[in-house]
Amino acid sequence: MDILRIILSILLPPLGVFLQVGIGVQFWINIVLTLLGYIPGIVHAVYIIATR
């Protein structure tokens with residue numbers, strides 16, 4: 001299941017974080033990072049999925 005989340009995180013980073021932790025602080029941090037730059041959003045999403 002983590003492979004699917006990582007693939008979704010590459011396509012749409014906030015979706016991967018949402019599927020992992022729901023709507024919370026990490027989700028909103030990822031939204032901001034994705035708006036500031038697509039790559040930081042991907043890195044953050046993959047980090048969240050890999051550590052949980």
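Visitor: Where does threonine 34 lie in this structure?
Guide: The model is a predicted one. In it, threonine 34 is part of helix α3, which covers residues 25-36.

Visitor: What does the side chain of threonine 34 reach?
Guide: A polar contact is a pair of N or O atoms within 3.5 Å. Here the side chain of threonine 34 comes to 2.8 Å from the backbone oxygen of asparagine 30.

Visitor: Which residues does threonine 34 touch, not counting those up to four places away in sequence?
Guide: With those set aside, threonine 34 touches Pro13, Pro14 and Gly41.

Visitor: At what angle do helix α2 and α3 pack?
Guide: Helix α2 spans residues 13-21, and its angle with α3 is about 175°, with the two axes 9 Å apart. Angles over 145 degrees count as roughly antiparallel. The helices α2 and α3 are therefore roughly antiparallel to each other.

Visitor: Which residues of α2 and α3 make the contact?
Guide: From α2 come Pro13, Pro14, Val17, Phe18 and Val21, while α3 supplies Gln26, Phe27, Asn30, Ile31 and Thr34. Sorted by class, the contact of α2 with α3 has seven nonpolar residues, three polar ones and no charged ones.

Visitor: Which residues of α2 are buried?
Guide: Buried means under 20% relative accessible area. In α2 the buried residues are Pro13, Pro14, Gly16 and Val17. Looking down the axis of α2, these buried residues fall within an arc of 160°, so they line one face of the helix.

Visitor: What covers the buried residues of α2?
Guide: The cover includes α1 (2-11), α3 and α4 (38-51).

Visitor: Which residue follows α2?
Guide: Glycine 22 follows α2, and its phi is positive, near 80°.

Visitor: How do the axes of α3 and α4 cross?
Guide: The axes of α3 and α4 cross at roughly 155° and come within 7 Å. By the cut-off of 145 degrees, α3 and α4 are therefore roughly antiparallel to each other. On the α3 side the contact is made by Gln26, Ile29, Asn30, Leu33 and Thr34. On the α4 side it is made by Tyr38, Pro40, Gly41, His44, Ala45 and Ile48.

Visitor: How do the residues of the contact of α3 with α4 divide?
Guide: They divide into six nonpolar, five polar and no charged residues.

Visitor: Is histidine 44 buried or exposed?
Guide: Histidine 44, in helix α4, is buried, because its relative accessible area is 13%. The side chains of histidine 44 and asparagine 30 are joined by a polar contact of 3.0 Å. Apart from its neighbours within four places in sequence, histidine 44 is in contact with Gln26, Ile29, Asn30 and Leu33.

Visitor: And valine 43: is it buried or exposed?
Guide: Exposed means over 50% relative accessible area. Valine 43 also has its place in helix α4, and it is exposed, with a relative accessible area of 52%. The C-alpha atoms of valine 43 and phenylalanine 18 are separated by 15 Å, and the two residues are 25 residues apart along the chain.

Visitor: What is the relative accessible area of isoleucine 31?
Guide: Isoleucine 31, in helix α3, has a relative accessible area of 24% and is therefore partly exposed. Between the C-alpha atoms of isoleucine 31 and methionine 1 there are 22 Å, with the residues 30 residues apart along the chain.

Conventions. Residues are numbered from 1 along each chain as its sequence is written. This is a predicted model: local features need pLDDT of at least 70, side-chain atom pairs count only at pLDDT 80 or more; totals for chains, interfaces and linings use all residues. Side-chain values use heavy atoms; hydrogens and water are left out. Helices (H or I, at least four residues) and strands (E, at least two) are DSSP runs, numbered from the N terminus. A polar contact is a pair of N or O atoms within 3.5 Å; within protein, one must be able to donate a hydrogen and the other to accept it, and residues adjacent in sequence count only if both atoms are side-chain atoms. Contact means heavy atoms within 4.5 Å. Axes are lines fitted to C-alpha atoms, for helices over the stretch in contact, and angles run from 0 to 180 degrees between N-to-C directions. Angles under 35 degrees count as roughly parallel, over 145 as roughly antiparallel, 65 to 115 as roughly perpendicular and the rest as oblique. Ala, Val, Leu, Ile, Met, Phe, Trp, Tyr, Cys and Pro count as nonpolar, Asp, Glu, Lys and Arg as charged, and the others, Gly among them, as polar. Buried means under 20% relative accessible area, exposed over 50%, partly exposed in between (1.4 Å probe, protein chains only). The arc is that of the directions from the helix axis to the C-beta atoms.
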